[in-house]
Amino acid sequence: MIGYLSTSRVIENTVYLIADNYNYGTYENESQLPLPIDCLYYIDDPNARYSLTNFMSLDITDSDSNPAVMGIYMSSASAIYVSQKNIYITHMKPYDYSAGEWNWADYAEVTIIHRISIHGKNLKYRARGEVPGRVLNRYSMDENNGHFRIATTKGWSWGAGEAQSRNIISVLDMALNETGTLDNIAPGER
């Protein structure tokens, strides 16, 4: 496994490792890739600063078992939540610098979410979604009865008017489509 360990989990007999590898190189052909091509996913985002987020699963009760691997080229993961059936990786949507100078008023805080299903050693990329605001940490997310719930903050606690922070709870289905939201919770806090 390549990269820096982000987190790990053990579910029953399987250990899951997640690592980030800041990848600045280019590859001439398939043989130079860090993982087999059928194990890689690419998230097309023209403003992203790509890194390779690596996943490995291993059955710890079978000494002859080979690990399963998967990688996603995307912006670096910021918060990770693991349920019994899924891994959720989040990162902020990159700012679009093509418009010119940085402008706080143009910055739309959006968290991107990726869902990877897990079953034993099997890893499968399933869905991508987004919610307004930024996630604080893994304790701001959970999964319940086929829904993913995430708490985010938009704005800043020191801000005023439109820039003042507010909190949002978003509920998404397994395709990461929003099914419900509760907005404007605890203004001025995070």
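Which residues touch the most other members of the largest nonpolar core? They are Phe55, Ile72, Ile87, Ile89 and Ile116, in a core of 17 residues. A nonpolar core here is a set of buried Ala, Val, Leu, Ile, Met, Phe, Trp, Tyr and Cys residues joined through side-chain atoms within 4.5 Å. Buried means under 20% relative accessible area, with a 1.4 Å probe and protein chains only.

The model is predicted: local features need pLDDT of at least 70, side-chain atom pairs count only at pLDDT 80 or more, and totals for chains, interfaces and linings use all residues. Residues are numbered from 1 along each chain as its sequence is written, and side-chain values use heavy atoms, with hydrogens and water left out.

**The whole chain**

Display the protein chain as a cartoon: it has zero helices and 14 strands. Helices (H or I, at least four residues) and strands (E, at least two) are DSSP runs, numbered from the N terminus. Of the 190 residues, 41% count as buried.

**The largest core**

The most, three residues, come from E5.

Contact means heavy atoms within 4.5 Å.

A second, separate core has 12 residues, including Val131, Met141, Phe148 and Ile150. Now select strands E11 (residues 141–144) and E12 (residues 147–154), which pair in the antiparallel sense over four bridges; two strands pair if DSSP finds at least two bridges between them. Met141 has Ile150 as its bridge partner in E12. Two residues lie between the strands of this hairpin, where Asn145 takes a positive phi near 50°.

**Ser57**

Finally, select Ser57, in strand E4 (residues 50–59). Is Ser57 buried or exposed? Ser57 counts as buried because its relative accessibility is 0%. A polar atom of the Ser57 side chain lies 2.5 Å from the backbone oxygen of Lys121. Beyond residues up to four places away in sequence, Ser57 touches residues including Thr14, Tyr16, Pro67, Gly120 and Leu123.

How values were computed. Buried < 20%, exposed > 50% of the residue type's maximum accessible area, 1.4 Å probe, protein only. Polar contact = N/O pair within 3.5 Å; in protein donor to acceptor, adjacent residues only side chain to side chain.
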